[in-house]
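Please read the numbered points with the structure in view.

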Amino acid sequence: MDRIFDSLLASRLVVAALAAGLAPGSSGQSAEKPPPAAAQGSVSTAGAHAPVLDAEKRPITAGGFVDAGPVVFQDIAQKAGLTGWRHTMGTPRKTFILETVGSGVALLDYDNDGWLDIYFVNGSTYEAESGKAPAPHAALFHNNHDGTFTDVTAKAGVTNDRWGFGAVAGDYDNDGWPDLYVSNFGKNRLYHNNRDGTFTDVAEKAGVALGDWSTGATFGDYDGDGRLDLFVPGYVHYDLAHPPVPGSEVVGFNHCQFRGVDIMCGPRGLKGEKDHLFHNNGDGTFTDVSVKAGVSDEHAYYGLTAVFADVNNDGKPDLMVANDSTPNYLYINKGDGTFEDASIASGYALNENARETASMGIAVGDCWNNGLLDLYNTVFSDDYKPLYRNDGDGNFTEISYQLGIAAVTIPFLGWGTGFLDFDNDGWKDLFAGNGHVYADVDKMNWGTTYAQRPLLFHNVQGKFELVPPVKDTGLAGLYTARGAAFGDLFNDGKIDVVINQMDRPPVLLRNVSADRNHWVGLKLVGGSRSPRDAVGATVYVTIGSSRQRGDVISGGSYASSNDPRIHFGLGSATKVDRVEVRWPSGAVEKLTLPAVDRFFTIEEGKGIVK
């Protein structure tokens, strides 16, 4: 049955290429009989697929450009002052898996001036780890309110100087100022916001430093006590003194291969790291309750990104974990301090073919405006990217092929992802950043490239259409993308995208869409019984017969953290008929907005305060 489905995938890809005016190339292997999906010491994919080339014989991951069409994004990173910083991770050769995964990015208003700032996580080098060279540092860029940013990392005390992977923002002590958790290979950091433009690392004192290989964490109040708890997924158990060399005891395989070519080993064949849930004690410390809560990951799967979100609409945050080459986790919050593992039963663990995927990132959003949160996972190349439609009660159906957005994604290797309404038409669109992990992939005839263009799907009232990459625009840029974060960086009502690249300067895709639609942005402030930053709150906005949902979520994408404000596109509507806020405390507040095309601050129990 698997072979039949894999053949069907390959056939669909070729048909899609021909329909798009592209030329399917030759992979050197039969599309009707791909190799086994479970390559030794490699990743879970659907098997080899025939390359898809554009009219100029370029792999579609680095081609397919058009001369004219809608211009959505422009990369203004250099103009904004971001390109003086550069991401670094390992060696250019990328011999080991530690060097390939890349790092995330967080958007947070660290100084509470009403403008989003940017925090880029950095990796490290073997020389730095051994003390023979300075450690690459992370970067905190302050928003200057004029389209530019200033590097304030050293002054703020958030250089990290460790082998970093993820960043997530959340006000864990409810003082009204966002704190920052940075996950590393080695000990993690919990940067407490000192409310004066500086941070102090309190991870050891708080009990959340760990010390293994941590990835994309998430904050959420799982037990409803009004304080943010912290979930930290683990990836691979890695020892610098005993790296995963083929034939060694660490690996167990004589060869680590992908498509018959020797590659770096992992994650399959390597020992995984377990996950950790930390309960917030309310005194600046946390307690590891992973086993008691039922989310410790006893299988030691390869977790890359986690996110708390209420997927069954019972007012309690559930937990999703994107696992690399192993089944994904979906834990349903039982409301008694524990979770039910509904991964398989919910339909989220596997794709439509009942097959595990090499999942990297998670997008969460109500893309059909039916009040239910849907999920989208970015996965490895040679596999389509699954979109899980929420059918209610926490049950999902994977429907990428039904939507017509599966085949086009197969050559791409996806990372940061999110639902965003780029044109403010009232429907959430879908973005995915891409970039390969194998340094020599450009030398192969696999139909994929190391640097890849991003993908943007326009949501046309529930149907998704690929936005063409217009030459010399952001969608035609070739990036080694990893983390991606989404937010209104310029307070102009348009959602921008920030990308942390592997071994390159950042990308800032400013939204320059020509639409004239209206919008509204909401900053929520929780009361005494909710987290102060309102993580876990759900907002419904009604315009005529249309009802949109937005959630305050910490984490997601790939090891990243998005704008904590909720953004709603209103189309041509010049007023909002009704706003309903469901606070984490369980309180429900209904109100009206006096205007559109601006931000409002809503405080629990007080209504609009700004």
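Which residues lie nearest the centre of the largest pocket, and how many residues line the pocket?

1. Basis of the note. This is a predicted model, in which local features need pLDDT of at least 70 and side-chain atom pairs count only at pLDDT 80 or more, while totals for chains, interfaces and linings use all residues. Residues are numbered from 1 along each chain as its sequence is written, and side-chain values use heavy atoms, with hydrogens and water left out.

2. The largest pocket. The lining comprises 35 residues, and Asp109, Asn112, Lys523, Pro564 and Arg565 are those nearest the centre. The volume is about 750 Å³. Strand 4 (105-108), strand 8 (163-170), strand 33 (518-525) and strand 39 (599-603) each give two or more residues to this lining; strand 39 provides the largest share, four residues. Strands here are DSSP runs (E, at least two residues), numbered from the N terminus. A pocket is an open set of points on a 1 Å grid over the protein atoms alone, with protein on both sides within 12 Å along at least five of seven lines; lining residues have an atom within 4 Å of a point.

3. The cavities. A cavity is a set of grid points where a 1.4 Å probe fits but cannot get out. Of the 33 residues that line the largest cavity, Val364, Phe419, Asp551, Asn562 and Asp563 lie nearest its centre. Two or more lining residues come from each of strand 22 (359-365), strand 26 (414-420), strand 30, strand 35 and strand 36 (566-571). A volume is the space filled by probe spheres set on the points, which are joined across faces, edges and corners.

4. An open, antiparallel sheet has its four strands in the order 35-34-37-38. Strand 35 (546-551) and strand 38 (588-591) are at the edges with a single partner strand each, so one side of each has no neighbour in the sheet. Strands count as paired if DSSP finds at least two bridges between them. Strand 34 (residues 538-543) and strand 35 are joined by six bridges, and valine 539 has glycine 550 of strand 35 as its bridge partner.

5. Charges over rings. A charge sits over a ring if NZ of Lys or CZ of Arg is within 6 Å of the ring centre and within 35 degrees of the ring normal. The charged end of arginine 547 sits over the ring of tyrosine 540, 3.9 Å from its centre. For arginine 598 over phenylalanine 600, the distance is 4.0 Å.

6. Aromatic pairs. Rings of Phe, Tyr and Trp (its six-membered ring) pair if their centres lie within 6.5 Å; planes under 30 degrees apart are stacked, over 60 edge-to-face and the rest tilted. There are 27 such pairs. Phenylalanine 431 and phenylalanine 486 form an edge-to-face pair, because their ring centres are 5.7 Å apart and their planes stand at 75°. They lie 55 residues apart, in strand 27 (residues 429-434) and strand 30 (residues 481-487) respectively. Phenylalanine 431 is buried, at 0% relative accessible area, as is phenylalanine 486, at 6%. Buried means under 20% relative accessible area (1.4 Å probe, protein chains only).

7. An enclosed strand. Strand 18 (residues 303-309) is largely enclosed by the rest of the structure, because seven of its seven residues are buried. Six bridges pair strand 18 with strand 19 (residues 318-323) in the antiparallel sense, and phenylalanine 308 stands opposite leucine 319 of strand 19.

Key. Buried < 20%, exposed > 50% of the residue type's maximum accessible area, 1.4 Å probe, protein only.
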